Amino acid sequence: MEKHVLELLARTIGYMTIIRVLIAICRWVWATFLRPAKNLKEYGSWALVTGSTDGIGKALAFELASKGLHLILVSRNSTKLKATADEIHGRYGSGVQVRTVVIDFSRDSLEVIGKRIEEGIEGLDVGILINNVGMCNSWPRFFHEADCMADEIIKVNVEGTSRVTKAVLPSMLIKKKGAIVNIGSGSAEILQSFPLLSVYAATKAYIHQFSRSLYVEYKQHGIDVQCQVPLFVATKILPMTLPSFLAPTPEVYSEACLRWIGYEPVCLPYWLHSFQGSLVHAMPKGFLGWVALKYCLHLRKVEKPTVFEQVMKRENEPLFNVLE
Ligand SMILES: NC(=O)c1ccc[n+]([C@@H]2O[C@H](COP(=O)([O-])OP(=O)(O)OC[C@H]3O[C@@H](n4cnc5c(N)ncnc54)[C@H](OP(=O)(O)O)[C@@H]3O)[C@@H](O)[C@H]2O)c1
Ligand SMILES: *[C@@H]1O[C@H](CO)[C@@H](O)[C@H](O)[C@H]1NC(C)=O
């Protein structure tokens, strides 16, 4: 009798686990491949993308233009902004309007950032904001090695994103619609500790928490806030990463991004990333921290000559440390 009950219990637990996994897989397949994308033009006719002269931001701007959205490109280099705007006009014709706003998020004050964004969007029906601009150490560093760089990373990733969001939200609140996408990072969401890139990973943890809270805060006002989490994407932020199976080009990556806008508060848009992310997430965190440390120490050795030059141009500080 008792054996019977135990057996029944074990079976029930087994079946429930299998059903849960199956449901999770079905939901993933649905969201990743089958669920129709939202009609992005319904949010408004303009989209603002920060950090849109290179990498993921630039590719996202092209994707949005291909859907017929007008663009406000925000970046630090006016020459690159103009070149990007020309490229977009060249590909999509004059039906897509492009405005540019020059902001250096690591140098300009928060007042200036707010003012330029407010002026840049004045009178426009901005439906989508993509907070993409982000900065990372060009070289894995121990925290004590890189004071001024840490300040810049916090300024760009945390303060810049928050200030731009604050400047764009009021017009979305009036219309009672809008979509805000903040670009996070697997370094915070999946790995949870990232030695030698600690400040970068911490700023991205801020982005995740900020997005989750805003998602709840503004849902009732018709504004969909989301954090999209890339793992590796082959851009210049990671000079050592070449395009591969797990590190798509920004063009391939950004194609996956648009179909998620307006849905979950946090997502990994690229299907191979989300697959990789769930495997890595299931591993013990202590082990992951150890692997990340070994990887970064390895990068410091392998990438020495090229990165050495880059870093020496940026700032004069001792590179090779006693801790190595
Ligand atoms: N690539 C990855 O593997 C990866 C992984 C996880 C998360 N992410 C995140 O994805 C986002 C985009 O990264 P990405 O890989 O596309 O980087 P990227 O290729 O370096 O592009 C960054 C863009 O931001 C602009 N930018 C950088 N610093 C700026 C500043 N201080 N003021 C104004 N604009 C500035 C750059 O302008 P210029 O054209 O003048 O350089 C460029 O347009 C970032 O938030 C990053 O943290 C990337
Ligand atoms: C802006 O970009 C152009 C083209 O890539 C480059 O030649 C120039 O040095 C950049 N300007 C600054 C201030 O970085």
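Reply: Happy to! On a 1 Å grid over the protein atoms alone, a cavity is a set of points where a 1.4 Å probe fits but cannot get out, and its lining residues have an atom within 4 Å of a point. Keep in mind that this is a predicted model, where local features need pLDDT of at least 70, side-chain atom pairs count only at pLDDT 80 or more, and totals for linings use all residues. Residues are numbered from 1 along each chain as its sequence is written.

Searching the whole structure turns up two cavities of 30 Å³ or more. Around the largest cavity you will find N137, R141, F142, F143, A146, M149, A150, I153, L196, L197, S198 and V199. That lining divides into nine nonpolar residues, two polar and one charged; here Ala, Val, Leu, Ile, Met, Phe, Trp, Tyr, Cys and Pro count as nonpolar, Asp, Glu, Lys and Arg as charged, and the others, Gly among them, as polar.

Two helices, α5 (147-175) and α7 (198-219), each supply at least two residues of this lining, and α5 gives the most, with three. Helices are DSSP runs (H or I, at least four residues), numbered from the N terminus.

For context, the second largest cavity holds about 30 Å³ of space. N131, V133, N157, T161, I183, K204 and I207 line the second largest cavity, and α5 and α7 again each supply at least two residues.

How values were computed. Chains are lettered from A and ligands numbered from 1 in the order in which they are written. Side-chain values use heavy atoms; hydrogens and water are left out. On a 1 Å grid over the protein atoms alone, a cavity is a set of points where a 1.4 Å probe fits but cannot get out, and a pocket is an open set with protein on both sides within 12 Å along at least five of seven lines; lining residues have an atom within 4 Å of a point. Grid points are joined across faces, edges and corners, and a volume is the space filled by probe spheres set on the points.
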